[in-house]
Amino acid sequence: MEIATVDQVFHFGGYTLDLGKGTLRHADGPAFLRPKAYAVLTLLARHMGRVVPKSEIMDEVWPGVFVTEDSLTQSIREIRKVLGDDLVRTVSKRGYMLAAEVEAAPEIGSQPIVAVLRFRNESGNPADDPIVDGFAEDIINGLARFGTVTVLARNSSFSFASFARSEWPQIRSRIGADYLVEGSVRRQGDQILAAVNLVDATNASQLWGDRYQAADSGFSAIQQDIVEEIVGRLARRVSNAGLQQASRKPVTSLAAYELVLRGVALVRDPAQTDIEGARAFFEAAVAKDPAYGLAHIYVGLTCALKGEFEESSHADLIQARDHVARGLALSPDQATGHRIQSLVRLYMREHDAAEHHLRTALELNPCDADCIEQMGLVLTMRGRPFEALGWLARAIRIDPMIPHWYHFDRSMALYMMGDYRPAAEALELATRPTPWIRTRLAACYAQLGEMDEARRQATLINEGHPDFSPIDYATKAMPFESPDDAAHLAEGIRLALGA
C-alpha cells in the first residue's frame, strides 16, 4: 500500500484525504464527516503512524474551548464508523494513531506493542463476565504504566478474543501487536484461579505462563494482589523477550529502545563489571533519540554507579541528579526516573526528597517491583526497618526472579532489627566478594558471636581494595538518616576488626 503526502493529500486504507479540496473519498465515492471529526482525522493524518496524545488533539481541534474528553471520543467513534475500526488505533493512556498500513508489522526495533486479549470466564456464570473483563482491563492499565511497552486499549484487543490460537498471527498483521497476553479466570469452590500466558504474536509460541490461586474472600479483595503479580512479571518478561531479539542484531542497527535494553541488561548483571559499557549504550540511545527521557535517566544511573553509590563522589551524584532531571523533564510520568532520582537523592543525604520521589514513582506505577523494593531501602535508611521488610517481601512476591540487590537491601533491614542470622544468609547469596559485602558479613557474624567467621571476612575486606575503610563505610558511605543506625553497623564492624 503506497502512502503519499504530496500537496497535503493522504492515502490510507483505500481512502484519500485531500486537505486542499477538503474532501475524504473512497473508491466507492465520497465519505462524509462532521467538521470536528474531520479536523481530528486531519490531525491524525498529518502524524500518520505516530501516537497523537489526547491532550494534543483537544488543544488543536478545540483551541481555547473547554470540552470534556467525551467530545473527542464521539469524534473518534464517528471516524471509525466511516473508516472502520482497524484504521484508527487507541493506545492505552496515550492517545490515538492513524495506521498508515494496516497489514504492516510495526517498525523493527520500535517499542514493543502488547495486546491483552479478553480473558475467558471458565466459571460459566455470565454474571462473572464484567468481573473477568475488569481483570484484563486492570492488566492493560498496569502494563501501560511502565512506559516501556505500548499497550493497545481494550477496544482494539478484546475484539480478537474469539480467535483460535492458530489465527493469532493474524492479529499482528491487523493491529500490529508483537506480543499477546491471554488468560482465564475460574471460580472453583471457595477458590479463585487465574491463568495468564505471554505469547509471541509472530508464531503463536508461548514465552511465559503462570497460574495464580487465592481464597474467594471477595474477588475484588484478591484481584489487586493477583494483578500486581501478573503485571510485574509480564513487564519483565516482555523486556527480556525484547532483549533477546535485540541481542541478535548488530549494535549499529539497534533502535533507541533496544540500546536501552542492552544497557539495562549490563546494569542488572550481578557482576556489574561493565558499567561503562552500559553507559555507552545509553548515550548511543540519547544520540539516536535526544528526546528519549528514559535514556537520559539511565545515563544518570551509570554516573552514580561509578562507585556503586556507597563510594560515589559528590560530583558524580550531582552529575547523576542532573541527567535524571533532564530525563524527567522529557518524560515526567516515567516511574523509573523518579525511582532512580530517589536513589541518587538518598545517597546525597536528602532523605525527604528521596522518599518523595519514590512515592511519586509508586503513584505512577504501583506494580513496579523495583520501586516497591527500593521503598524498603529508603525506609531502612530512615530508621524504619520493620516497615521496610513488608515492602521488601511484597517486591519478592511480585517477582521471585529478583535482582541481587534485593538481597543486600533486605539484609540491611534485618541487621538493623537485630536479626543477624537471616541478614548474613541474605548476604551470602551475593555473587561478588566486594569489600562492602565482606564488611556487612563481618559485622553480622561478629554480632552473632561467631568470631572466627567474622575475622575471616574481615581479613578479606581489603583484598584488591587496600584503601577501603570499613568504619568509614558504615559512618560516612551508608546514607543513614540517624547517627545511631550508623553506629549500630559500625559496632559490628569494630567487633569483627577487634577494635
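# Close-up views of a predicted protein model

The protein has 21 helices and 13 strands; here helices (H or I, at least four residues) and strands (E, at least two) are DSSP runs, numbered from the N terminus. This is a predicted model, where local features need pLDDT of at least 70, side-chain atom pairs count only at pLDDT 80 or more, and totals for chains, interfaces and linings use all residues. Residues are numbered from 1 along each chain as its sequence is written, and side-chain values use heavy atoms, with hydrogens and water left out.

**Figure 1. The whole protein, before we zoom in.** Of the 499 residues in the protein, 55% are buried. Buried means under 20% relative accessible area, exposed means over 50%, and partly exposed is in between (1.4 Å probe, protein chains only). Now take the contacts with a separation of 6 or more: 58% of them are between residues 24 or more positions apart. Contact here means heavy atoms within 4.5 Å.

Figure 2. Strand β1 (residues 9–12) and strand β2 (residues 15–18) run antiparallel, joined by four bridges. Two strands count as paired if DSSP finds at least two bridges between them. Look for V9, which sits opposite D18 in β2. Two residues lie between the strands of this hairpin, and G13 in the turn has a positive phi of about 55°.

**Figure 3. An open sheet of three strands.** Read across this sheet and you get the order β5-β7-β6, with antiparallel pairing. β5 (52–53) and β6 (88–91) are the edge strands, each pairing on one side only. To find your way, spot V88, which stands opposite L98 in β7.

**Figure 4. A look inside the second largest cavity.** The structure holds two cavities of 30 Å³ or more. To find them, a 1 Å grid is laid over the protein atoms alone, and a cavity is a set of points where a 1.4 Å probe fits but cannot get out; lining residues have an atom within 4 Å of a point. Grid points are joined across faces, edges and corners, and a volume is the space filled by probe spheres set on the points. The second largest cavity contains about 30 Å³ of space. Its lining consists of E122, S184, R186, L193, A195 and R211. Strands β11 (179–188) and β12 (191–200) each give at least two residues to this lining. By type, the lining splits into two nonpolar, one polar and three charged residues. (Ala, Val, Leu, Ile, Met, Phe, Trp, Tyr, Cys and Pro count as nonpolar, Asp, Glu, Lys and Arg as charged, and the others, Gly among them, as polar.)

Figure 5. Helix α13 (residues 351–364) has 14 residues and spans 20 Å from its first C-alpha to its last, close to the expected 20 Å. That expected span is 1.5 Å times one less than the number of residues. Among the buried residues of α13 are H351, E355, L358 and L362. Their cover includes α12 (335–347), α14 (369–381) and α15 (385–398). R349 is in the loop between α12 and α13, and its phi is near 65°, a positive value in a residue other than glycine. R349 counts as partly exposed because its relative accessibility is 33%. N365 is in the loop between α13 and α14. Leaving aside neighbours within four places in sequence, N365 touches G142, R145, F146 and A335.

**Figure 6. Helix α16, mostly covered.** Ten of the 13 residues in α16 (residues 404–416) are buried. Including Y406, F408, M412 and Y415, the buried residues pack against α8 (256–268), α14, α15, α17 (420–427), α18 and α21 (483–497). Just after α16 comes G418, with a positive phi of about 85°.

**Figure 7. R438 in helix α18.** R438 is part of α18 (residues 435–448). It counts as buried because its relative accessibility is 19%. Leaving aside neighbours within four places in sequence, R438 is in contact with P433, Q457, L460 and I461. Also in view is A454, 16 residues away along the chain, with 9.2 Å between the C-alpha atoms of R438 and A454.

How values were computed: On a 1 Å grid over the protein atoms alone, a cavity is a set of points where a 1.4 Å probe fits but cannot get out, and a pocket is an open set with protein on both sides within 12 Å along at least five of seven lines; lining residues have an atom within 4 Å of a point.
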